[in-house]
Amino acid sequence: MTSRYAFSISCILLFLNISFSQNTYDIVFPGKDQEKKCETCIQIFNNKPESVEFSIVRNNSDLFFQVNDYDWFSRLFYESGDGIAVDIVLKSKYDCDLKTVEKKRIRGLLLKPVYSKALKEGLKLNEDKVYQVNIGKIPDNFLNEDLEYNILFLSNKNLCRYYVIYDLESYSWDLLDMGMYMDELTYSPKQIQVLGEESYIVQNKTLKFIVPFKKNKITYSQEDIKPIYDSLKLTDFNIKSIKVNAYASIEGITKRNIELQEKRANGVLAALQTFQKSTIKTEVLPSENWVEFFNDIEGTKYEYLKDLTKNEVRNEIAGTLSKEMEPIFEKHRKAVLELKLEKKDKYVAEPMDDLLEKFNALIAENNVKESIETYEKAKEIQNSIFEKLKGKQGAPEFIDKMNIPRQLKFIEILINNSAFKYMSDYTYAYLVYNDLLELEKMAPNNAAIKYNLVALKLKLWLFDTIEIDQSNLLSEINGLKKYGISKDLISRMLVNFHIVIVEKFIEQGDYSNKDYSVEYINKNYKNFDLSSSDYLNLAQFFNDYGEVEMAVKLLENKARSIDIDEDLLFYYLNFTLIDRDLTEKKSYRTVMLNAINVNKARFCKLFNSVENGGVTFQLLADEYLRTNYCENCDN
């Protein structure tokens with residue numbers, strides 16, 4: 001499913017009587033009777049279809065109002081006094097060198113309003129089938145500045161809407177990943193991705209470990225890395241890459257802390273490199289552990305430190321207080337290791353066609369004379385073919401060249417083929433569903449078939465591909481228990497059932513049952529572990545259905561943990577940065593520091609102008625955001 005907005009537009013209603021000195025032309029600021037004077041304009045915006053989008057676009061020095069719906073445009077600019085004006089805002093207004101940001105009703109340079117007659121006469125359909133009309137020019141002395149363009153909507157010359165455009169990344173949402181049973185339950189390799197961007201990364205398995213360090217020491221305890229050794233000895237995987245987030249406690253000198261953590265991380269990496277001959281791709285990200293520091297002092301006598309800058313905190317804790325807080329600091333010195341693994345494959349060097357020939361020969365041999373050894377070798381080659389297909393060395397249709405008799409003795413291999421075809425390309429869902437129905441006739445009590453069928457039914461139901469009897473589907477989900485399917489997986493499917501049915505209830509106008517299902521989802525997702533993609537899907541689902549508080553509640557603690565996925569963390573920032581009620585909380589500073597540790601450049605870029613890939617630099621009008629931005633990005 002796709003998000004219901006490609007960008008967010010913030011509307012600021014103006015009731016305050018703030019003085020200003022610049023030319024405001026003939027614009028009327030209605031004050032307390034704004035609601036009455038702007039009734040028509042407000043109604044038009046309230047009834048704006050979701051498909052209607054508008055913005056300001058720049059071509060050299062010319063500014064254009066752009067809209068994709070002519071009828072809505074005509075209703076908005078109907079009377080002679082209905083118009084539009086642009087407020088050109090400079091980023092320099094928010095420079096960190098300034099003590100405060102001057103707050104005015106008009107934030108920048110106001111251009112002369114353009115009214116209904118001129119708007120309609122100048123409106124043209126461009127080559128992208130979008131309507132544009134010229135609404136003014138950027139002054140010559142502004143041309144080399146970093147700019148943004150706010151929109152004033154006028155009704156009978158009254159200012160009724162002041163818009164700041166936030167360029168928020170849009171994400172898709174889907175059902176929580178149920179995976180498919182092959183030899184074992186296998187989850188989707190697809191990762192979090194922004195709409196419009198291609199991202200397909202094979203991720204067979206990921207292991208995470210935490211290695212603690214003692215104060216001023218770069219060595220680690222063998223006992224602490226024993227779980228890593230044990231996991232690697234038992235696994236059928238090679239290490240593909242290792243990412244190490246190395247954290248130092250915050251007391252001391254920053255430069256020395258970072259150097260210490262780099263040495264600690266490199267020591268662990270050197271030990272892990274001994275596990276295989278091939279070179280392991282490594283990445284080390286050293287930083288000070290401000291995130292857990294601020295988390296751990298919450299509710300203690302040290303909580304007052306959260307109001308101080310980083311340098312003020314260092315000065316405050318120097319000396320005896322640092323020794324007193326050592327029980328807190330000792331938990332913060334650690335390396336968080338993320339190992340990405342890929343399955344060992346002894347056929348990795350063999351061409352696809354050669355493997356296909358070997359596979360078909362083994363199946364034919366086993367069909368004549370059954371042999372466990374031959375069967376297992378065929379499955380081994382089948383998995384090798386899958387690995388190559390994941391690496392895009394062939395299309396999913398290649399699977400159809402595998403000659404497997406439709407017999408019960410080959411049921412595992414047949415299930416694997418169907419499941420892999422679906423997971424490689426979701427457009428195969430209906431074909432795979434029908435194939436599994438045929439396999440079910442052959443093996444009516446096979447747990448993998450039963451599970452895969454229910455997972456596919458939920459997916460196909462979401463997209464209205466098949467008719468579903470809701471009571472029967474609920475019975476099928478709950479009935480998976482007798483086939484040995486775990487309680488956690490059944491709970492996950494039940495949440496997905498309610499995610500799908502929310503869409504159906506809205507289509508039927510049944511908002512009471514829709515609310516019941518949303519509440520069921522909110523209560524029951526806690527019954528099982530969530531992956532990063534699950535968190536994002538669920539949060540975006542809540543956001544799309546107006547349950548922003550549920551989305552915040554879902555992610556707020558996760559956003560303050562140092563092992564959060566980068567894209568998930570920035571997704572949380574993406575939809576909360578514009579919420580003043582959230583950003584003014586002390587705990588939000590921890591989220592921002594977490595993002596800075598994970599990817600400082602990406603965090604700082606959020607405060608660029610829209611034209612330079614940011615959300616908007618006008619976020620810096622929020623003093624709390626500006627303080628944190630200036631402390632961490634203005635250098």
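Let us start with the loop between strands β9 (147–155) and β10 (158–166), where Asn-156 is found; helices (H or I, at least four residues) and strands (E, at least two) are DSSP runs, numbered from the N terminus. Please bear in mind that this is a predicted model, in which local features need pLDDT of at least 70, side-chain atom pairs count only at pLDDT 80 or more, and totals for chains, interfaces and linings use all residues. Residues are numbered from 1 along each chain as its sequence is written, and side-chain values use heavy atoms, with hydrogens and water left out.

Asn-156 has a positive phi of about 50 degrees, although it is not a glycine. Lys-157 lies in the loop between β9 and β10 as well, and its phi is also positive, near 70 degrees. Most residues other than glycine have a negative phi. Asn-156 is exposed, with a relative accessible area of 56%, while Lys-157 counts as partly exposed at 32%. By these terms, buried means under 20% relative accessible area, exposed over 50%, and partly exposed in between, with a 1.4 Å probe and protein chains only.

I turn now to strand pairing, which requires that DSSP find at least two bridges between two strands. Strand β16 (residues 334–343) pairs with β13 (residues 205–212) in the antiparallel sense over eight bridges. In that pairing, Leu-341 of β16 stands opposite Lys-205. Strand β14 (residues 237–248) also pairs with β16 in the antiparallel sense, over ten bridges. Here Val-336 in β16 is the bridge partner of Asn-245.

Next comes helix α13. Twelve of the 14 residues are buried, so α13 is largely enclosed by the rest of the structure. Among the buried residues are Ile-411, Asn-416, Phe-420, Lys-421 and Tyr-422.

What covers these buried residues? The cover includes strands β11 (180–181) and β12 (185–186), together with helices α11 (352–368), α12 (372–390), α14 (429–442) and α15 (447–462). Contact here means heavy atoms within 4.5 Å.

Finally, Asp-534 is found in helix α19 (residues 532–544). At 2% relative accessibility, Asp-534 counts as buried. Leaving aside residues up to four places away in sequence, Asp-534 touches Leu-176, Asp-177, Arg-492 and Asp-529.
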